[in-house]
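Open the model in your viewer and get ready to select a few pieces in turn. We will take the tour stop by stop.

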Amino acid sequence: MFFSEEMVSEIIEKNDIVDVISQYMNLKKRGRNYIGLCPFHSEKTPSFNVSQDKQLFYCFGCGEGGNVSTFIQKIERMNYPESLMFLAERAGIEIKENLSSKDAEKAKRRRLLLKINKEAARFFYKNLSNNLQAMKYLNNRGLSIDTIKKFGLGYSIDSWDGLKNFMASKGIKPELLYSAGLLVKNNNDGYYDRFRNRIMFPIIDLKGNVIAFGGRVMDDSKPKYLNSPDTDIYNKGYNIYSLNLVKGIKDLKNIIVVEGYMDAISLHQYGINNVVASLGTAFTEQQARLLKRYTNEIIIAYDSDVAGQTATLRGLAILEKEGCNVKVIRLPKGKDPDEYIRNEGLDSFKKLIDNSMSLIDYKIYNLKQNTNIKEIEGRIKFVKQLARIMNTIDSPAEVDAYIKKYSKEMQISEAAIYDELNRIKNRHSNGNNRHNIVDRTSGINSLSPKKIISGEIIAEKKLLNMCIQDRNRAENIFNQINPDYFTDPLNQRIAEVINLKIKEGKLISAGEIIIHLDNEEYVNKAAGIFNSELTNHDLELMDSYIDKLCQAHIRKRIEELTKKMNEYYEIGDKDKSNEIFKEIMELQKKKK
């Protein structure tokens, strides 16, 4: 560890877990706790629980849990020291330790790259106000000064070394600018500006850091868009443009996903603020999970061309897999959201949102567009594919409504469409039955006795949970038992930490205890223990739980002494054997 225990405690204490997690996802208060959709697995019903009292989180769905540091490690893909440095910086805590490890160097380099990007963003922003051509371009696109400021738009001058020279004047070497993705290396081991004569779009993460840039030409030259490469601080598949603005919207109902920067900015300009852009990349599972932290309803508004439709279907599949409620805005042919709202206006675009198609409707619409239903062969093909789509719907009433509608349109009987659907279901059902038979057969030879959680283990967990809720109760418990009375390795480790905290007169909290657990499995299990609620009946049974652990400890000690007594007896040392026998009898009395 690179941090003293006192500093770790201070960092954890000054970063309230609800405040920190709320910056990444929507949490709703329920009783004493907060709940939300888990960011670590796909789910439709919230099972992610955050306790402000205990300063821990736990997901009842996937079992992920821990304290505020654990959450940052998982969500930001950081290791333990990096998460502490991140939280220390957030809380304004100065790190005084001499951090000389690779991890510390990595974190230091990350901060430096973020600082460089911030300077670059300022440079581009200042350039914009000094360039009439660039300002005229943005004005012609209908952007106001307020919108330009809101998104921090800028301009990269038409020079091979404009940014490089500016950064050199601040003592920043080209190698670092290259690492930040701002320079390109030439064949002579020299460097030149990546972005030249382009409108610049800073890409800002959820913490407000500039992590990358996108650049757009102002004419018809290629490439139209140029983006930062992946760096130590940026991975395009893990980030979403303008989500930093959207995440702050209260009671967010849905998020609209568009393709390009200008699409997102134009919609924001017109007051539609729940819009993000997917950074010109194929939509990823990580981006879907990122969106799902804030809302379960996602509306896709990609361009209406073939590429846009293909991207829409890909995005739909990923979002559906993550358990999102997905809808699609159907734009007129040849239009993108930016062009449409500028030409048709806000009210017209709002109608498109109101009339957005469900996932099923869009799949059917897309199927119709790509099938010649004027011919019998085309209608048959449509019906077969329709049956496949119907097989994904759980509601019989919904299936019936679709079949009735398209039976008339395709001039094919409802019975024939149901036959197609039943054929698919039977095929899947037979496959599943065969699979189940194999599973059952293979399971016969691998059956093992059921794992039964003993009364002692339950008692251990109940007592540990009591300790973090009341210090006086914790002291009372450990006045009667020792950590070695706990049989489960994790429970014993937690007991050791609590006992140490009592002796040192330090805070006993779930968040503090988790700091001392050295593997992810222990952290998740500990969060599960501390997240379980204690009833008044549990508290009434405290003495009974203590007695259960004492009984188990004595029983274990008697077993150990009995084995020793027999060993001494076998080697002829009767005196030692009798001495141990007396000790066993004393323990038996104590047990009774």
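Helices (H or I, at least four residues) and strands (E, at least two) are DSSP runs, numbered from the N terminus. Contact means heavy atoms within 4.5 Å, and axes are lines fitted to C-alpha atoms, for helices over the stretch in contact, with angles from 0 to 180 degrees between N-to-C directions. This is a predicted model, where local features need pLDDT of at least 70 and side-chain atom pairs count only at pLDDT 80 or more, while totals for chains, interfaces and linings use all residues. Residues count from 1 along each chain as its sequence is written, and side-chain values use heavy atoms, without hydrogens and water.

**First stop: an open sheet.** Select the five strands in the order β1-β2-β3-β4-β5, paired antiparallel; two strands pair if DSSP finds at least two bridges between them. β1 (28–30) and β5 (65–66) are at the edges with a single partner strand each, so one side of each has no neighbour in the sheet. Now pick K29: its bridge partner in β2 is Y34. Next, show helix α24 (residues 520–531), which lies across β3 (48–51), β4 (56–59) and β5, at about 100° to β4.

Finish at I255, which stands opposite I298 in β14.
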